[in-house]
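I'm opening my notebook on a new structure today. I want to write down what I looked up, in the order I looked.

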Amino acid sequence: MKALCWFGKEDVRVEDVPDPKIINPRDIVVRITRTAICGSDLHLYDGYIPTLAQGDILGHEFMGEVVEAGPGVQNLRAGDRVVVPFTIACGRCWFCEQKLWSLCDNSNPNAYMAEALYGESPSGLFGYSHMMGGYAGGQAQYVRVPFADVGPLKIPEDIPDEKVLFLSDIFPTGYMAAENCNIHQGDVVAIWGCGPVGQFAIRSAYMLGAGRVIAIDGIPERLQMAREGKAEVLDFNRVDDVVQALKDLTGGRGPDACIDAVGMEAHAATFPGLVDLAKQRLKLAFDRPTVLRQCIQACRKGGTVSIPGVYGGMLDKIPFGAAFSKGLEFRMGQTHMMRYMQPLLERIQKGEIDPSFVITHRLPLDAAPDAYKVFRDKQQHCIKVVLDPWARAAEMAA
Amino acid sequence: MERNRNQHARRHRGRWPLRVAAIAGGGALAGWGVSRRDKLGIALASAGGFLVFSGLRLGGPRGIHYEVSLTINRPVEEVYRYWRNFQNLPLFMSHLLEVRVTGDRSSEWKARGPLGTTVSWQAEITDEKPNQWIVWRSLPGADLDNVGSVQFRPAPGNRGTEIMVALDYQPAGGGFGRIVAAMFGRDPERTIREDLRNFKHIMEAGEIPTTKGQSSGQRSTVVSLLEAAMPEYRSTAAQDALRSA
C-alpha cells in the first residue's frame, strides 16, 4: 500500500510499504477513504517531537471501511464504515472506566519511554512517535486499529466523509477545549490560534453558552473564518499588547476563560518570543510558550485556562505567580475522544454544524509531502488539508 | 505505576538457606502484619520488614533482588487466582519458557539460558494465604537458586488490586552473571517491570499491546541492526508462539 512516512525534519515521503494485518485479537484493519493532516503533525514535521524513527507512518485523523476484524471484536464487521479516534484506549483500565480515555493504562506498548520523560504514560496515539506507542498512522491506504471494539465510531451511510472525518480529532478536541472552560451563560472566551482546533473551539464555545468569543491570530484568512463563526477577532500584528487589548475589550476584567489552541510552536516577535525560538533551535527547550504566558496574564481572576495545544517538555518563564495570585484553574491534556464522538455526530446529523467548513485543500495522498510544507508555511491560504489515499494526482487536478 | 526498586549485590557469605528463610518468613510476617491493620499488625509488619531486609543483607556476590508494585483494575480474587496457577507466568514473564504445575505446592520451571540453552529448576510454595500472598522458592539442585513472593491487597476506592512482587536470584555454581543476562537482558530491572506491566495488560485488557509486525517504511540500517542485536524488550515466548501461529 501507499503510506506517508517520516524520514527526518521536513522530510516526509509517500512510500510503498507492506499492507497492515491483524496482530492482536482486538484489532481491525481499515481501508482508509479520507485522511487529514493535523496541526500537531507539523510538530513532527518540524522535528520537535522526540522518538520518531525513519520509516514511521504518520497520520491520526482518518476514517474508512472495516476490511477485517480480529476475533476479539464483536461490535464491528467487514464493510462497516467507521471514524477512528486518534487516541487508543483499552476500555477496561481504571482511567477508561473514569472516561479519561486519553490516559489509558494499556494502550502504549512503549509506556516506559513516556515514563522516563513524564513519570507516567498517556494512552497510545496513531502516528505520533514511539514514546506515544509507535503505532503506524493513517496517512495511508490501510491502517491497523488496536482495541477496535472501544474507539471506532460507526457512521451511517447517508453522511458524506467530509462531514464526519473531523470526529477523529479536531472537532472533539475543540469541543473539549471549550467544555474545559466551564462556561456559564454569557461568559467571554478568548481563543488563541484560529487554526482548525481554534475554529471548532469558537463554535463549541457558543454551543456551550458563551456570550462572546474573541479569537486571536495573525493570518487574515484564519481571522476571516473565525468571523464567520461569529467570533470577534484580534489580529496580534495590529495591537501593541494582546493582554491589554483583551482587557480593553472586556471592561477591564479580562476574559472569563482563555484557550491556548496554539501550543509549542507559537510565533511572537517579542524579545521573550525570540529567546524561546533560539532555545528551541538549540535544543535547549522543546516549547515556545508565548501563548500560554498571554493566557495566564489575560485571564480574569478565578478564570480558567484551557490548553488543547500540545506541549512537550519543561516550559520557561511561565508567570506562575500571576496564575497563583489570580486563582486560575488549568485544564489540559489529549482529548478524551470517546466522550464526545457520538454526541457530536448527533449534532452533525441534526444540522447544527457541518465540520467540513475548515477544509481548504483536497489532495491525493501522493501530494502530501508538498501539502505538509504548504500547511506549515500557511501558503495558499491553507487551513486544513484532506487527503484521498486512492485518488491519482491527475484525477484530482482535473 | 508505583514501584520500589532495590538492587543488592553484596559479598557472598555462604548463608543462603538462612537468607531464604529470613526473606520468605519476613515477607509472610510483613504480609500478615499489613493485613491485620491494627497496632499489632504494624509491629508484625515492621518485624517482617526487618527480617526481609536482613535476609537481603546476607546476599551473595552477584545476587539480585527486585521489587515492583503496581495496581491492577480487577478484583483481588481474580488476580490471585491467575497468579496462583504458575502455568500462566510464562504468558507475561519474558524469561520463562514454561512452568509445569506438578502438585499442590510443587512446580517445574524452565527459563531462557545462555546461547539458546535452557535453565531449569523445581520449585515449591513455602507459604501462602489465599488472596493475600504467595511465597515460593527453588529446591536444592536448581541451576539458579531463587525465591519469589507476591502480595495482593484491595486498592482503595474500587481501584482493583495492589500487588507487590519481590524476586531474588542467587548463584548456585558458576556462570550466574551469564545466566541472569540471558534471562533478563541488559537491564534486568526494566525487564521485570515490563513483565509485570504485561501481567496488568493481560488481566485488564485481555491482550498485550504491541506494534511488532506492523507496517513501516524503510528503517535506517543502523537502527535495524541495533534493534535486532539488542532489543529494548523481548516479548514472551508465549507471545512469539501466538504471533507465528
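My entries follow, starting with the ground rules.

**Ground rules.** I'm working with a predicted model, where local features need pLDDT of at least 70, side-chain atom pairs count only at pLDDT 80 or more, and totals for chains, interfaces and linings use all residues. Residues are numbered from 1 along each chain as its sequence is written, while chains are lettered from A and ligands numbered from 1 in the order in which they are written.

**Chain B, overview.** I looked up the secondary structure and got 7 helices and 7 strands for chain B. Helices (H or I, at least four residues) and strands (E, at least two) are DSSP runs, numbered from the N terminus. I wrote the order down from the N terminus: α-α-β-α-β-β-β-β-β-β-α-α-α-α. Of the 245 residues in chain B, 40% are buried. Buried means 20 or more other C-beta atoms within 10 Å of the residue's own, exposed means 12 or fewer, and partly exposed is in between, with C-beta atoms placed from the backbone.

**Cores.** Which residues have the most contacts inside the largest nonpolar core? They are A:Leu4, A:Val30, A:Val189, A:Ile191, A:Ala201, A:Ala215 and A:Ile259, in a core of 130 residues. A nonpolar core is a set of buried Ala, Val, Leu, Ile, Met, Phe, Trp, Tyr and Cys residues joined through C-beta atoms within 7 Å. Apart from that one lies another core of 42 residues, including B:Phe86 and B:Met164. I then picked A:Val189 and found that its contacts include A:Cys181, A:Pro255 and A:Ile259, leaving out residues up to four places away in sequence. Contact means that two C-beta atoms, placed from the backbone, lie within 7 Å.

**Where A meets B.** I found 35 residues from chain A and 23 residues from chain B in the contact. On the chain A side, S1 (2-8), S4 (56-57) and H3 (111-118) each give two or more residues. That side divides into 18 nonpolar, 10 polar and 7 charged residues. For this, Ala, Val, Leu, Ile, Met, Phe, Trp, Tyr, Cys and Pro count as nonpolar, Asp, Glu, Lys and Arg as charged, and the others, Gly among them, as polar.

Two strands pair if DSSP finds at least two bridges between them. S1(A) and S2(A) share 6 bridges, and A:Cys5 has A:Arg13 in S2(A) as its bridge partner.

**Two crossing helices.** How do the axes of H5 (170-179) and H12 (337-349) of chain A cross? They come within 9 Å and cross at roughly 105 degrees, so H5(A) is roughly perpendicular to H12(A) (65 to 115 degrees). Axes are lines fitted to C-alpha atoms, for helices over the stretch in contact, and angles run from 0 to 180 degrees between N-to-C directions. A:Phe171 and A:Tyr175 of H5(A) are among the residues in contact, as are A:Met337 and A:Leu344 of H12(A). The contact has 8 nonpolar residues, no polar and no charged.

Most residues other than glycine have a negative phi. A:Lys99 has a positive phi of about 65 degrees, and A:Lys317 one of about 55 degrees. A:Lys99 is exposed, with 11 other C-beta atoms within 10 Å.

Notes: Angles under 35 degrees count as roughly parallel, over 145 as roughly antiparallel, 65 to 115 as roughly perpendicular and the rest as oblique.
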